[in-house]
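Subject: Structure handover

Hello,

I am passing this structure on to you.

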Amino acid sequence: MVISAKIVYGRRMSVVLAHVTDAHVAPAGRRNAAIKDQSVPIFRDLVAQINERGADLTLFGGDNIDNHGHGERDFEAFMDISASLDRWVCIVGNHEAEAKLPGYLTKAEFAERVTGHGISADSLTFSQGVGDVRVIGIDTTLIGTAGGYVAPRVMSFLASELNRAEEEHIVVLGHHLLYRAWEPHQLHQWDKDYLVANRDSVIALLASHPRVRAYLCGHHHASRIQRIAARGNYGGFYHILTSSPVSYPCAGRFLRFERDGIHVESMQPRMPQLLEEAREAVMTGRKAQRFELLGSQRSFLQYVSGRGTDNEALLPYDHAPISILPAPAESSFLRRREGEWEARGHDLL
Ligand SMILES: [Fe+2]
Ligand SMILES: [Fe+2]
């Protein structure tokens, strides 16, 4: 399926995608490290910002609903708010991939109910063209575990869609990470919890297609952009990890496909008080404790927020293996407000 990019005054505009992952929508959500009790107003505000911006397509990256005992209600709230968007597609996360228990939706049930928005009753994957961008959504979940896995049939789907794609740019949307966002540190438990187990094969496949620009993911509730290089000096793609609306720094992203590269911008809920609450909440979690084991010189808040170039960046299509360029300073509203980002500069990869 293909939808066309917006045309204004007869001119075709650059494609703008919105990426919101791990919204964990839950009207009866309880606060833990994430402020799930505020998931509904936060999600509503981000959707309003996407509408104001006029994004061509919105991508929901899994854990769209919290699905923790009130699956039906979470789903209704999610659909109700998303209904104001022009076009949106989604994939499933581990929160939609629960075993069949009372109060939980299974991923098949979730997929069936969102038919028409990417995945459907027949398929947990999708391929959608928008202007000169092809978006391929994949299922990286494995029921019974928080960790990721790309099943053989999903790999085949991905391979055939990559081969068929005619667009100038290809973006792949998954829930789990293909790469350690906490690099150069190592933590076995985080590998298990957050990464796709067979990521080497997925990376090899994506890196072998020169028009794959980025892999978008969530699940780790942190913000980081890294470059995965192919062998040699050419090829490779960006690994764009986006934070969760309910976990500090509560951000989603806009990706604008221009001639010189992908222009990345962050969006946060326009609720300063909630951001303060989210900052306090995130420090109480197990992830903050585990972070201490890494021995990083950065603080946990700095880690989840990412650097300036993890949030506002120009990602060139061509000489991408060298560096990520900072975006113009005026677009950096998030940095000014939070003060937790580090000094900008080229982030060598
Ligand atoms: Fe999540
Ligand atoms: Fe997740």
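The notes below cover a strand, a nonpolar core and a helix.

Please keep in mind that this is a predicted model.

Strand 14 (residues 236-241) has six of its six residues buried, so the rest of the structure largely encloses it. Two strands pair with strand 14. Strand 13 (residues 224-229) runs antiparallel to strand 14 and pairs with it over six bridges; here Q226 stands opposite H239.

The largest nonpolar core holds 92 residues, and the members that touch the most others in it are L17, L59, V172 and Y215. Helix 1 (residues 39-53) supplies the largest share of this core, six residues. Leaving aside residues up to four places away in sequence, L17 touches A55, D56, L57, L59, V133 and L255.

Helix 1 has 15 residues, which at 1.5 Å a residue should span 21 Å; the end C-alpha atoms are 21 Å apart, so the two agree. Its buried residues are S39, V40, I42, F43, D45, L46, V47 and I50. Among the elements that cover these buried residues are strand 4 (15-20), strand 5 (57-60), helix 2 (71-82), strand 15 (252-257), strand 16 (261-267) and helix 7 (272-282). After helix 1 comes G54, with a positive phi near 70°.

Regards

How values were computed
Residues numbered from 1 in each chain as written. Chains lettered and ligands numbered in written order. Predicted model: local features only at pLDDT ≥ 70, side-chain atom pairs only at ≥ 80, totals over all residues. Buried ≥ 20, exposed ≤ 12 C-beta atoms within 10 Å, placed from the backbone. Helix = DSSP H or I, 4+ residues; strand = E, 2+ residues; numbered from the N terminus. Pairing = 2+ DSSP bridges. Core = buried A, V, L, I, M, F, W, Y, C linked by C-beta atoms within 7 Å. Contact = placed C-beta atoms within 7 Å. Expected span 1.5 Å × (residues − 1).
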